[in-house]
Amino acid sequence: MAACPAAVAAASASLGTGVSFGGCSKKVYWRQVSGCSSLCSSLAGMKLVAVAPPVHNGGGSSVGFVRGALYSDAKYDLTDYKFEPIKESIVAREMTRRYMTDMITHADTDVVIVGAGSAGLSCAYELSKNPNVKVAIIEQSVSPGGGAWLGGQLFSAMVVRKPAHRFLDEIGVAYDELEHYVVIKHAALFTSTIMSKLLARPNVKLFNAVAAEDLIIKEDRVSGVVTNWALVSMNHNTQSCMDPNVMEAKVVVSSCGHDGPFGATGVKRLKSIGMIDKVPGMKCLDMNTAEDAIVRHTREVVPGMIVTGMEVAEIDGSPRMVSKPAFLHATGFRIVSGNLVRLLGVC
């Protein structure tokens, strides 16, 4: 059937950028068209469908509604969309085989990063730029990102002081720029972007819903972590003998955040076994002091273990801050660019 000129004109005038859908551009448009009651075909890649019968508007003319959808491929016509068949056992085998392969690969790895908040993710991002460095990230929560999904007091915007905005430029996160700082409209844009870029790298594996229950220490050097499912770690008092697993590593990076249920666990464990003298806890808020101190004091606190992020404030007694986690990229850069990389022997 020939395309209705009025509908084509209306739909063409409504064309926009579209949104990504399964790799092709698709957008639905609605437009009132005077005197149009035809079913329309396609024009220039635009599939015009379901033009409603005319409705009289009381002024002597009729109005039809044209719905247009932009398709680059007919396979995305949802009127004929059907998934390929699969056996449930295949799904189970694929998930199990791939996860167990990752566990075997990282049972002895280069770097284990404990805590997938903004500091841990940024550290992993910098370290994994070297494709020869295997990085395993352990995160006790199902959802990585720590507190970086929101700004302070559960607000959406993330404020980032310059020059940390250069990292946002590198990973492609948009922001509003002011004289001394920039503002990301939603903190989740930063966290989701860095995770998508980081986890796509073949030398990185995130083990979420996994807790670091303890450290491996050999000859006064941290040599890895003791792991378990996070839900198991939270229920040791309700069950009997749920033994852990291990990951050996050349370097352990502890980025467990400030004190809390799973916070600052790395430095608290070091204190409990006498490898450090004290964990004074972070002081009251002072942003202008806090951020510089955390970057400056990111370091190897005992042989084989680096502390970064807000856990640094716990061990040094430096001030806390309002949430601005993108600056913590600088701590990851410090680990890579400073003399701390000598620990790896591969950077």
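This is a short tour of one predicted model, moving from the whole chain to a sheet and then to the cores.

Residues are numbered from 1 along each chain as its sequence is written. Because the model is predicted, local features need pLDDT of at least 70 and side-chain atom pairs count only at pLDDT 80 or more, while totals for chains, interfaces and linings use all residues, and side-chain values use heavy atoms, with hydrogens and water left out.

Begin by selecting the protein chain, which has 10 helices and 18 strands (DSSP runs numbered from the N terminus, helices being H or I of at least four residues and strands E of at least two). Of its 347 residues, 42% are buried, meaning under 20% relative accessible area with a 1.4 Å probe, protein chains only.

Next, select residues 158–161, which form strand E10, and then 176–177, which form strand E11; these are edge strands, each pairing on one side only. They belong to an open sheet of three strands in the order E10-E12-E11, with antiparallel pairing, where two strands pair if DSSP finds at least two bridges between them.

Finally, select Ile113, Val135, Ile137, Phe190 and Val253, the residues with the most contacts inside the largest nonpolar core, which has 31 residues. A second, separate core of 28 residues includes Ala249, Cys256, Val302 and Met305. A nonpolar core is a set of buried Ala, Val, Leu, Ile, Met, Phe, Trp, Tyr and Cys residues joined through side-chain atoms within 4.5 Å.

How values were computed. Buried means under 20% relative accessible area, exposed over 50%, partly exposed in between (1.4 Å probe, protein chains only).
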